[in-house]
Amino acid sequence: MSKESFNSDVVTIRFSGDSGDGMQLTGGQFSENTAIFGNDLNTLPDFPAEIRAPQGTLYGVSSFQMQFGSRQIFTPGDELDVLVAMNPAALQVHLSDLKEHGLLIVNTDNFTSKNLKLANYETNPLEDESLAKKYRLITVGMTSLVKTKLDDMDLTPKEKARSTNMFALGLLYWLYERDIQTTIDFLNKKFKNKPLISESNIKALKTGFYYGETIEVIKTTYKVGKAKYEPGKYRNIMGNQGLSLGLLAASQNNDIDLFFGGYPITPASDILHDLSKFKSFGIKTFQAEDEIAGITSAIGAAFAGDLAVTASSGPGIALKGEAIGLATITELPLVIINIQRGGPSTGLPTKTEQSDLFQAIYGRNGECPCVVLAASSPSDCFEMAYQASKIALEHMIPVFLLSDGYIANGSEPWKFPDVKDLPKFKINYVKDGEDFLPYERDNNTLARKWAIPGQKGYEHRIGGLEKADGTGNVNYDPDNHHHMTIKRQEKVNIISNFIPDVEIFGPSSGKLLVVGWGGTYGSIKSAVTKAHQENLSVSQIHLKYLNPLPKNLGEVLLKFDKILMPELNMGQLLSIIRAKYLVDAKGFNRIKGKPFSANDIFKEIKKHLEE
Amino acid sequence: MAITEQLTKKDFQSDQDIRWCPGCGDYVILAQVQKVFPKLGIPKEKMVIVSGIGCSSRFPYYMNTYGFHSIHGRAPAVATGVKLANPELDVWVITGDGDAMSIGGNHFTHVLRRNINMKILMFNNRIYGLTKGQYSPTSEVGKITKSTPMGSLDYPFNPPALAFGASATFIGRTIDKELKHMGSMVEECSKHVGTSFLEIYQNCNIFNDGAFKNLTDRDVKSDNVIVLNENTPMIFGKEKDKGLVLEGTQFKVVKIGSDFSESDLVVHNPRDRNLGLMISEMTYDENLPVPIGVFYKEDKPTYEEMMINQLNSASKKVDLQSLIEGPNSWEVK
């Protein structure tokens with residue numbers, strides 16, 4: 001039987017299995033390979049909060065979804081073209097997302113009566129003819145094929161079975177006509193000191209690839225052409241990686257030491273992990289005893305002259321609240337990163353949400369304004385971390401940088417900059433011999449001067465009690481407190497002179513403007529792009545600077561008849577925009593712990609245009 | 001620094017009015033610190049004093065060094081950041097019994113565990129002064145205060161024993177009224193390389209006046225306090241006629257004379273951890289005198305020393321641009 005090769009411009013696939021099945025690694029490898037191949041892509045890892053949930057359970061299912069294509073990709077995709085299900089639980093959880101006639105690849109070896117029961121199947125769904133009618137079902141005994149292939153290797157049966165994910169990866173590589181070499185290189189490097197393990201994984205990978213080639217069940221392979229990119233150098237990047245590199249670049253490019261104080265928390269810990277690998281650059285990472293010590297140690301480091309950073313997620317940020325007030329009143333530079341997750345309380349630790357905007361803008365005692373920035377995608381993280389550091393240091397002010405679980409763990413191609421082209425910071429250091437008062441301000445930024453311990457003749461005291469402007473002495477005078485409260489607000493407001501205007505995607509006026517911020521960028525962009533294809537009068541703006549807001553925002557909002565604001569919260573930015581600009585913006589809100597589907601936003605756009 | 005200009009007490013006095021209550025023990029501690037600091041040979045621009053919240057924590061405002069009055073309980077963490085950012089700075093933490101033992105208990109124990117080279121002076125007045133008189137974690141059981149009209153129910157912390165539990169490498173105690181002793185203890189703290197913890201019994205004349213009366217009143221103090229000196233037998237008493245011997249694993253007070261001579265007494269060795277633990281346990285024992293002096297000291301690599309070693313030994317495999325580029329980049333023309 002002859003095989004055919006089809007061209008496809010965009011594909012969404014999902015690997016799913018037990019949390020111990022290695023689905024994240026499999027997905028990560030496929031995305032890396034896809035990026036190098038030259039497709040555009042966007043990924044969505046989704047895993048349980050439990051590290052090793054009991055095997056075979058529905059809540060123990062881990063998955064990795066990605067959309068890739070020869071055109072621009074902004075989201076991990078809505079409906080699936082391909083679903084790989086390594087066990088019954090994965091099939092049960094994910095089948096409803098697979099398109100009709102989509103490709104369903106199943107590892108039959110895990111369809112035991114015990115696993116079927118755990119997945120709430122009374123009978124084996126693979127034996128039900130309707131499955132094969134609705135989908136293109138490929139059943140493979142992956143585990144036993146792998147075990148047979150590795151028969152002569154000196155490994156335990158369990159160790160052999162552990163390579164099964166590589167079989168699935170190999171099969172998908174074959175399906176999309178890929179070169180498996182990137183993964184062979186990866187495995188050789190990862191298991192450098194365990195040659196048997198790397199060999200077994202490579203064998204399993206090849207077995208999967210050749211299985212596709214040999215058997216005639218899968219009749220077609222797919223070719224997804226290279227995407228058109230702007231000229232430049234690219235790499236694949238995950239959000240948290242981008243943040244860490246951006247902070248590192250801010251430090252190295254501006255001759256200032258980087259101090260990171262933090263406490264492990266999902267999904268922010270990777271920043272601590274990444275930065276701790278940069279010791280050769282002099283980067284200091286301090287794993288503190290708690291969230292409060294994470295930020296207060298950073299504040300101490302800022303006082304002593306470092307670029308100080310802390311990172312956490314919502315619950316940790318709540319604990320840091322009092323200290324953020326201290327950094328605000330002492331007017332010290334500080335970068336506070338919040339990788340948002342589902343809340344309140346412990347909430348959904350591994351799922352995404354953007355419900356900490358109010359917390360960032362308002363969440364402290366007293367009038368305590370902070371600068372708030374938000375990254376919009378994994379490839380935006382580097383720049384936003386660099387910008388957050390720049391504003392903190394140039395304006396002597398705490399800066400929040402919001403990301404979320406989706407951006408943090410998702411990946412996409414990133415056109416990375418040449419560090420030489422990045423802007424240099426203008427930090428308001430006290431020069432030796434200069435007059436100094438701790439709260440004397442720069443006319444343009446209102447930033448106070450920075451005298452650093454060790455600098456002779458500039459000994460001074462700061463603290464959490466209200467200060468007299470200029471001298472910085474403790475002061476309880478009513479008029480002074482009024483004055484200082486206004487100054488701290490003006491310090492934030494004035495930053496609108498230093499940030500870019502908001503850019504409009506689509507016509508600069510029209511019927512509907514879709515306003516978003518943070519990790520919803522891709523879904524909104526896809527939906528608006530689709531609307532443009534249907535000649536609908538829709539434009540998009542995406543806010544990366546949330547406090548202060550860009551100067552031209554008010555003007556832009558007034559040019560549209562209607563405003564729609566999709567948010568993964570109950571309408572936090574919506575409240576702010578409505579209050580500040582007195583516009584009748586409408587919210588579109590989902591709080592499900594996962595990104596918007598582009599299709600849902602598209603439908604909402606149509607609804608508002610038809611109303 | 002090779003040559004240090006000779007500083008005086010005056011160099012360490014700031015221009016701020018001191019706002020403690022008249023008669024507060026904090027005044028004499030401030031005066032002693034200002035007197036001792038010029039002797040330490042450390043340029044004052046390298047000194048950073050960090051405090052938390054409470055009466056004692058106003059201290060940095062009155063010292064003409066770099067200073068940071070931070071938030072309640074967090075001074076050890078802020079000071080950690082200062083020290084790690086610039087290990088050449090000489091970092092002091094001023095705290096109180098509420099600040100260090102209660103709201104800041106976590107940071108207090110962890111900084112000791114890490115052995116970061118900083119000096120912690122804890123003013124212990126066994127009361128909350130700034131909030132106007134509630135019992136503290138070092139108040140005695142049954143303390144009648146505004147928040148405990150029928151007496152407090154919780155057992156107090158024994159700060160040196162807590163410090164031992166956290167593996168502190170320098171543990172000492174002094175009393176506000178013992179000016180000379182306090183001065184020498186501050187100097188000892190400064191000399192130690194690692195975290196130094198000095199508990200200073202301090203009288204709050206407004207909310208807990210006389211808390212340490214039996215340790216400070218001229219006619220009784222010698223019988224109730226034992227001053228620890230290295231390599232010296234443990235003698236105390238107005239007539240220097242009492243001493244401590246070991247009976248099994250317990251200290252016992254004996255009279256020096258016919259039954260016991262000086263050579264029978266325990267000789268203080270601040271490097272003996274077990275002895276130090278026993279000394280700290282004397283604190284609340286009614287049959288034993290209250291010890292002051294250096295309970296324990298130990299040489300151990302500091303956190304920042306090890307941090308610097310790691311930073312120096314981390315080999316630079318790639319430059320920044322290559323790191324940003326990563327191993328799998330591609331170019332689009």
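# A guided look at chains A and B

Visitor: What makes up the secondary structure of chain A?
Guide: Welcome! The secondary structure of chain A comes to 21 helices and 22 strands. Please keep in mind that this is a predicted model.

Visitor: How do you know whether the radius of gyration of chain A agrees with that of a compact globule?
Guide: We set one value against the other. For 611 residues, a compact globule would have a radius of gyration near 25 Å, and chain A has 26 Å, so the two agree. Along the principal axes, the C-alpha atoms of chain A fill a box of roughly 85 × 60 × 45 Å. For chain B, the box is roughly 95 × 45 × 45 Å.

Visitor: Why is Gly56(A) called buried?
Guide: The count decides. A residue is buried if 20 or more other C-beta atoms lie within 10 Å of its own. Gly56(A) has 21 such atoms within 10 Å, so Gly56(A) is buried. In chain A, buried residues make up 52% of the 611 residues, while in chain B 46% of the 333 residues count as buried.

Visitor: Where is Gly56(A) found, and with which residues is it in contact?
Guide: Gly56(A) sits in the loop between strand 3 (40–46) and strand 4 (61–69) of chain A. Beyond its neighbours within four places in sequence, its contacts are Asp18(A), Asn87(A), Ala89(A), Lys114(A), Asn115(A), Leu118(A) and Ala119(A). As for Lys284(A), this residue is 228 residues from Gly56(A) in sequence and 42 Å from it in space, C-alpha to C-alpha.

Visitor: Why are helix 8 and helix 9 of chain A called roughly antiparallel?
Guide: Their axes come within 9 Å and cross at roughly 165°. Angles over 145 degrees count as roughly antiparallel, so helix 8 of chain A is roughly antiparallel to helix 9 of chain A. The crossing of these two helices is right-handed. On the helix 8 side, the contact is made by Thr183(A), Ile184(A), Leu187(A) and Asn188(A), and on the helix 9 side by Ser198(A), Asn201(A), Ile202(A) and Leu205(A). By class, that contact has four nonpolar, four polar and no charged residues.

Visitor: How many residues of chain B are in contact with chain A?
Guide: There are 49 residues of chain B in contact with 56 residues of chain A. Several elements of chain B each supply at least two residues of the side that touches chain A, including strand 1 (47–51), helix 4 (105–114) and helix 10 (303–313). The largest share, eight residues, comes from helix 2 of chain B. By class, this side of chain B divides into 22 nonpolar, 18 polar and nine charged residues.

Terms used: Residues numbered from 1 in each chain as written. Chains lettered and ligands numbered in written order. Predicted model: local features only at pLDDT ≥ 70, side-chain atom pairs only at ≥ 80, totals over all residues. Axes fitted to C-alpha atoms, helices over the stretch in contact; angles between N-to-C directions. Helix = DSSP H or I, 4+ residues; strand = E, 2+ residues; numbered from the N terminus. Parallel < 35°, antiparallel > 145°, perpendicular 65-115°, else oblique. Left-handed = near helix turned anticlockwise from the far one by under 90°. Contact = placed C-beta atoms within 7 Å. Nonpolar A, V, L, I, M, F, W, Y, C, P; charged D, E, K, R; others polar. Rg over C-alpha atoms; globule rule 2.2 N^0.38 Å. Buried ≥ 20, exposed ≤ 12 C-beta atoms within 10 Å, placed from the backbone.
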